[in-house]
Amino acid sequence: MHNNNDKDQDQKVQIKVGIKAYIALICAILFFSGIFMNVQDMEWVKSFFHIDHPDKFKAFDFTSLGGQFGTMQHPEKNTFLGEGGLSAKAGFLFALSLIPTVMLALGVLEIFTHYGAIRAAHKLLTPLLKPILGLPGLTGLALITDLQSTDAGAALTKELYDQKQIGKKEVIIMGAWQYSGAGLINNYFAIGSAIFAWLTVPVVIPLLVMFILKFVGAAFVRMILNSLYKKDFTNE
Amino acid sequence: MSNSHKKETNNPFDIFVIGARKGFNIAINNLMPNVLMAYVIAYILNVLGLMELLGSVFSPLMSVFGLPGVAITVLLTAWLSASAGTGVAVSLFAHQQLGITDITILAPAIFLMGSQLQYMGRLLGVADVPKKYWPLLMLTSIFNAFIAMIIMRLIV
């Protein structure tokens, strides 16, 4: 019985192999084979296929895409990244160099959160919601939570809607506020810290700009809903 | 490892370590694969000469924000994933295709229109925002990003 089943399954698996799978296999073989690595040195290939820019084939070769680490061309100012690194290897070392600041940023953020920074923000935000966005104060927590975690903010929003504490229009406006720059604080400090060192303005300025634009965008959506889509909400 | 009081600690040093650990996990799981991918994509685009092409095609649009044409690659990848967009910005900076002013102008835009593809599911889907309005929210985010770049251009 077992053997029969195995055979049946084997046949089923075999049937599933379509043309796509073979193309994928051929691409994989070509990609890893190294054929494309040295096209510029192969005179016969160049003349046979009339290739003008043979070095472009490097873009489809595994070894070339692996890239290279930078080297210590100026030891007095180069970090362990070196200079002249390329592709995957350079990207890996660079990402490694970002980890300390990300750990520092999230460590400090955790402390501020622990001492209630988020609660204070919630308190300050609540009176702004009604006049700017037409949202009741109880939506403040979901919005503030979104600043930290996109997923938690989304879950809280759904809860408010499911409990009928807000209507369809409010969900859309909250969605607009959350969607643009979702998980703002965490994303900015975790991912954005990669570019902090080069900002020509204080780190907090882009954060403020984004925070304010969240309101601008949501207010814009509120306006559109109240005008263009007015009919959708007449029953609410 | 299985310290059940981990969350209730009041010691700021312990709290810092909890946060730093989160940071390490984000860096390893999100940042590093994305930056590596961005470096490889940027390399491919450069080798194929597509970076130059995109740069020249979009330079009129990008010049509105005081940016070189290649900045469009940052915005396009950011739309798919904010981490990848940041990675592309970093790699373009490393290759002197973007300067510090450009990076500063792009910074808020990367996040305002960032990761929209994955957040459709993770945010709009989860929160049950009716699908009919998704394009509106998406356009609003992109407008936000454009406004942010204009504001940043005035500030820097």
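I began with the contact between chains: the side chains of A:Asp151 and B:Arg122 meet in a salt bridge, 2.8 Å from N to O. I take a salt bridge as a side-chain nitrogen of Lys or Arg within 4 Å of a carboxyl oxygen of Asp or Glu. A:Asp151 lies in helix α8 (residues 150–162) of chain A and B:Arg122 in helix α6 (residues 116–125) of chain B, so the pair joins two chains. Helices here are DSSP runs (H or I, at least four residues) and strands are E runs of at least two, numbered from the N terminus.

Ground rules before going on. This is a predicted model, with local features needing pLDDT of at least 70 and side-chain atom pairs counting only at pLDDT 80 or more, while totals for chains, interfaces and linings use all residues. Residues are numbered from 1 along each chain as its sequence is written, chains are lettered from A and ligands numbered from 1 in the order in which they are written, and side-chain values use heavy atoms, with hydrogens and water left out.

**Entry: burial of the bridge partners.** I looked up how accessible the two ends are, taking buried as under 20% relative accessible area, exposed as over 50% and partly exposed as in between (1.4 Å probe, protein chains only). A:Asp151 is partly exposed at 36%, and B:Arg122 is partly exposed at 31%.

Inside chain A, I found the side chains of A:Asp146 and A:Lys214 in a salt bridge at 3.1 Å, N to O. The pair links distant parts of the chain, 68 residues apart: A:Asp146 sits in helix α7 (residues 140–148) and A:Lys214 in helix α11 (residues 204–227). Buried or exposed? A:Asp146 is buried at a relative accessible area of 0%, and A:Lys214 is buried at 0% too.

**Entry: helix α7(B).** I checked the length of this helix against its residue count, with the expected span being 1.5 Å times one less than the number of residues. The 22 residues of α7(B) should span 32 Å, and the end C-alpha atoms are 31 Å apart, which agrees. The buried residues in α7(B) include B:Trp134, B:Leu137, B:Thr140, B:Ser141, B:Asn144, B:Ala148 and B:Met152. Which elements cover them? The cover includes α9 (168–179) and α11 of chain A, together with α3 (71–80), α5 (100–112) and α6 of chain B.

I then picked B:Asn144, which is in helix α7 of chain B and is buried at 2% relative accessibility. Leaving out residues up to four places away in sequence, B:Asn144 touches A:Ser180, A:Leu213, A:Lys214, A:Gly217 and B:Leu112, where contact means heavy atoms within 4.5 Å.

**Entry: positive phi.** I looked for positive phi outside glycine. B:Gln96 has phi near 55 degrees; B:Gln96 is in the loop between α4 (82–94) and α5 of chain B and is exposed at 72%. B:Ser115 also has a positive phi, about 55 degrees. B:Ser115 is in the loop between α5 and α6 of chain B, but is buried, with a relative accessible area of 4%.

**Entry: the cavity.** B:Ser115 turned up again in the lining of the largest cavity, along with A:Gly181, A:Ala182, A:Asn187, B:Ala82, B:Phe111, B:Gly114 and B:Tyr119. The volume of this cavity is about 40 Å³. The lining divides into four nonpolar, four polar and no charged residues.

**Entry: chain B overall.** Chain B comes to seven helices and zero strands. Its C-alpha atoms fill a box of roughly 55 × 40 × 35 Å along the principal axes. Buried residues make up 49% of the 156 residues in chain B.

Conventions:
On a 1 Å grid over the protein atoms alone, a cavity is a set of points where a 1.4 Å probe fits but cannot get out, and a pocket is an open set with protein on both sides within 12 Å along at least five of seven lines; lining residues have an atom within 4 Å of a point. Grid points are joined across faces, edges and corners, and a volume is the space filled by probe spheres set on the points. Ala, Val, Leu, Ile, Met, Phe, Trp, Tyr, Cys and Pro count as nonpolar, Asp, Glu, Lys and Arg as charged, and the others, Gly among them, as polar.
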